[in-house]
Amino acid sequence: MSDAGKRAAGRAAAELVEPGMRIGYGTGSTVEHFLVALAGRGIDVAGVPTSEGTARRCAELGLPLLRPDEVAELDLVVDGADELTRDLALTKGGGRALLREKVVAGMTRRLVVIATPGKVVARLGDSFPMPVEVIPFAAAPVRRALEADGFVVEVRNHGDGRDVETDNGNVLLDARLPGGIGDPAAVEARVELMPGVVACGLFTDLAHEALLGDEDGSVTELRVG
């Protein structure tokens with residue numbers, strides 16, 4: 001992926017922010033460019049971070065933070081995606097923040113996704129896994145349920161036998177479906193009803209638009225519908 005493309009998408013998103021807005025700060029490498037560009041504008045904003053890492057970076061950049069209990073609705077959320085389709089169904093959670101990202105996405109009038117064109121796919125869940133955040137007690141039962149639905153499932157780990165832990169103290173299952181997910185909304189609804197699942201990395205009917213930054217600095221916009 002090109003840093004030039006990520007930078008272009010991040011800068012374009014920063015230009016959408018108006019003084020006085022209450023926003024959601026996403027998580028990931030493309031969002032890093034958005035945060036830097038937004039801080040460089042020096043305008044009066046405050047936002048809810050979607051991860052502890054984003055909160056630390058905002059503090060370093062001087063971007064004021066809000067807690068979810070301090071604001072009923074956000075004007076804008078800017079976040080990345082691991083994959084997206086042209087109708088703006090998303091896979092998120094590669095950076096472990098899917099639960100907080102989904103909470104913040106549900107608080108906004110407008111979710112803008114920033115990414116590079118290579119993130120656009122015909123179907124989710126094939127080349128990049130669907131992350132599922134699960135309480136540790138339920139990891140094995142949820143894994144079996146996903147495998148029964150045809151997914152190839154792995155517990156995300158650090159490579160030394162230690163499971164990756166989210167900011168919420170949970171574990172992550174990465175689930176691939178050979179051939180991809182035909183109906184992301186139905187799969188999202190089914191997975192989130194499994195006992196022990198706290199969030200599924202499929203985000204359907206949440207994103208309103210996407211800004212895709214290319215290597216040459218150009219930005220393409222995708223909108224729902």
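Guide: Start with the outward side of helix α3: the face turned away from its buried side carries the exposed residues Arg 56, Ala 59 and Glu 60. Exposed means over 50% relative accessible area, buried under 20%, and partly exposed in between, with a 1.4 Å probe and protein chains only. Helices (H or I, at least four residues) and strands (E, at least two) are DSSP runs, numbered from the N terminus.

This is a predicted model, where local features need pLDDT of at least 70, side-chain atom pairs count only at pLDDT 80 or more, and totals for chains, interfaces and linings use all residues. Residues are numbered from 1 along each chain as its sequence is written, and side-chain values use heavy atoms, with hydrogens and water left out.

Helix α3 covers residues 52–61, and its buried residues are Thr 54, Ala 55 and Cys 58. Seen down the axis of α3, these buried residues fall within an arc of 100°, so they line one face of the helix. The arc is that of the directions from the helix axis to the C-beta atoms. An α-helix has 3.6 residues a turn, so residues three or four places apart point the same way.

The buried residues of α3 pack against β1 (22–25), α2 (29–41) and β2 (46–49); contact means heavy atoms within 4.5 Å. After α3 comes Gly 62, with a positive phi near 80°.

Elsewhere, an open sheet is formed by 4 strands in the order β8-β9-β7-β10, with antiparallel pairing. Two strands pair if DSSP finds at least two bridges between them. At the edges are β8 (152–155) and β10 (197–200), each of which pairs on one side only. β8 is joined by 4 bridges to β9 (residues 171–176), and Val 152 has Arg 176 as its bridge partner in β9.

Two helices belong with this sheet. Helix α5 (residues 139–148) lies across β7 (130–134), β8, β9 and β10, and runs at about 10° to β9. Helix α6 (residues 184–192) touches β7 and β10, its direction making about 165° with that of β10. For these angles, axes are lines fitted to C-alpha atoms, for helices over the stretch in contact, and angles run from 0 to 180 degrees between N-to-C directions.

A hairpin is formed by β12 and β13, with 5 residues between the strands, and there Gly 217 takes a positive phi near 90°.
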